[in-house]
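Me: I have a model open and want to check the terms used for it. Please answer each question by setting the value against the definition.

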Amino acid sequence: MKKINLQNDIKNNENTQKTIIPIIYSYKEKRDKLLNEEQKEKFCEELRKIKEKSINNIVKLKKETIKNLSNQGINVIEAQTVKDAINIIKKIIGKEKTIIKSKSNTITEINLENALKNKKIIETDLGDFIIQLFKEKGIHPVLPSFHLTPKEISKKIKEKFNININPNPKEIVCFVRNILREKIFNAKIGITGANVISSDGSIFILENEGNISLISRIPEKHIILTSFDKIVETREEALKIIRASSIFGTGQDYPVYVNIISGPSKTADIENEIISGAQGAKEVYLILLDNKRTTILNSKFKELLYCINCGACLNFCPVYHQIFSRYGAKYFPGAKGVISSFFKESEKDAFNNGAFFCTTCQQCKENCPMKINLSDLIRDLRKELVKQQIEPSSITEMIDNVKKFGNPFGKIDTNKKPDKLYCC
Ligand code: SF4
């Protein structure tokens, strides 16, 4: 089992806990101001129905999506595997050397940076830009750099750019804005993820920073990498998912921007002839990644595909509060990441990512807009792992003790407490 050395990380952990946990709770306070308990329950019920219906009809909805978006001029390409997705992206990029990119779990899932080592990938989301400077892994899918202080960030900027920036958020944002604007305005290729796709023909991407709006407008080619489970039937349903991502992710009623992309930019201003490539992207590519999602769809873990990646389950997870992104997969922390890695990587990876860390407290389900029962899914995953004799040594010891001594502790000295406590 992967060893997590909390002793070495304790200082970092304390800082991280001090920084992140109050912010996370402030999001919940904001959410509770927007929706009272009754409204929240009603909204969650509606969201769950939308996703259940979509996932149950996903084969039909995917066909309609491909037909509608293709008719509107978007190049839609299906990628079965990570390798397929990378090859498709490489082909679209061609000889271009620089790619501007926004935050996306699906892009992290294919490890694009590693696959395009000979290209320059520029992160345009502030949190990811900071993480890239530190060569670190994001700590949270929505808040990747929240564990770093302004002092640490300005020190890193000094090291990398030889510029003195006062350690305050406003100055850091201003510095990064100027650097990134220049890069974005010179880029020919932009890559983003997507939050939702409606089968009637639109792709929805939410954001607060404005970088995605620029990526989808300035470069000539906009590549959107996402997965087919993001498809819902209608634009109205998609907007409900967008609102949920915002309320449950960061406690905002709506994000600052919702990009709704229904084709490459176009004009019919001269003799009514439709010409693509007016001011926005000339070419738009949508890559729909499978990467074992069909296997998940046909398994008892199907519920995982209802997820909208808002990150609310992590915000209230007691295990995440202790070890943060060391719990879960590199493309998604926490229980969702653990279960995903069972399908996308291996049983051993699911075990090493923390299949036995979950306390089954159900705080994730309580706070999930889709009411996904991650604790139950984790229990099912554990059953699968135990069948293959992949389990923590403490469980093996406990079972051996029960068989041998009739109790979980082993040989009992009635004058002292057992050395170890076991929990099932
Ligand atoms: S499991 Fe639920 S709470 Fe967690 S990211 Fe997905 S939708 Fe959000």
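Me: How many salt bridges are counted between domain 1 and domain 2?

Reply: The count between domain 1 and domain 2 is 1 salt bridge. Bear in mind that this is a predicted model.

Me: Why is the pair Lys-344 and Glu-109 called a salt bridge?

Reply: The closest N and O atoms of Lys-344 and Glu-109 are 3.3 Å apart. The cut-off is within 4 Å, from a side-chain nitrogen of Lys or Arg to a carboxyl oxygen of Asp or Glu, so the pair qualifies. Side chains of opposite charge can pair when their charged atoms come close.

Me: What makes Glu-37 and Lys-40 a salt bridge, and where do they lie?

Reply: Their N to O distance is 3.7 Å. The limit is 4 Å, so this pair also counts. Both residues lie in helix 2 (residues 37-56), 3 residues apart, about one turn of the helix. The structure holds 23 salt bridges.

Me: What are the two domains, and how far apart are their centres?

Reply: Domain 1 covers 6-11 + 295-391 and domain 2 covers 58-291. Their C-alpha centres lie 25 Å apart. The contact takes 20 residues from domain 1 and 19 residues from domain 2.

Me: How much area is buried between domain 1 and domain 2?

Reply: About 1800 Å² is buried there, with carbon and sulfur atoms giving 60%. There are also 5 residue pairs in polar contact between the domains, both residues at pLDDT 80 or more. On the side of domain 1 that touches domain 2, helix 13 (312-315) and strand 14 (332-333) each supply at least two residues. Helix 13 gives the largest share, 3 residues. By class, that side divides into 13 nonpolar, 5 polar and 2 charged residues.

Me: Which residues are around the ligand, and how do they divide by class?

Reply: Among them are Cys-307, Asn-309, Gly-311, Phe-332 and Leu-374. The shell has 10 nonpolar, 2 polar and no charged residues.

Terms used
Residues numbered from 1 in each chain as written. Predicted model: local features only at pLDDT ≥ 70, side-chain atom pairs only at ≥ 80, totals over all residues. Heavy atoms only, no water. Domains from an automatic or database assignment. Contact = heavy atoms within 4.5 Å. Buried area = accessible area lost by both parts, 1.4 Å probe. Polar contact = N/O pair within 3.5 Å; in protein donor to acceptor, adjacent residues only side chain to side chain. Helix = DSSP H or I, 4+ residues; strand = E, 2+ residues; numbered from the N terminus. Nonpolar A, V, L, I, M, F, W, Y, C, P; charged D, E, K, R; others polar. Near = heavy atom within 4 Å.
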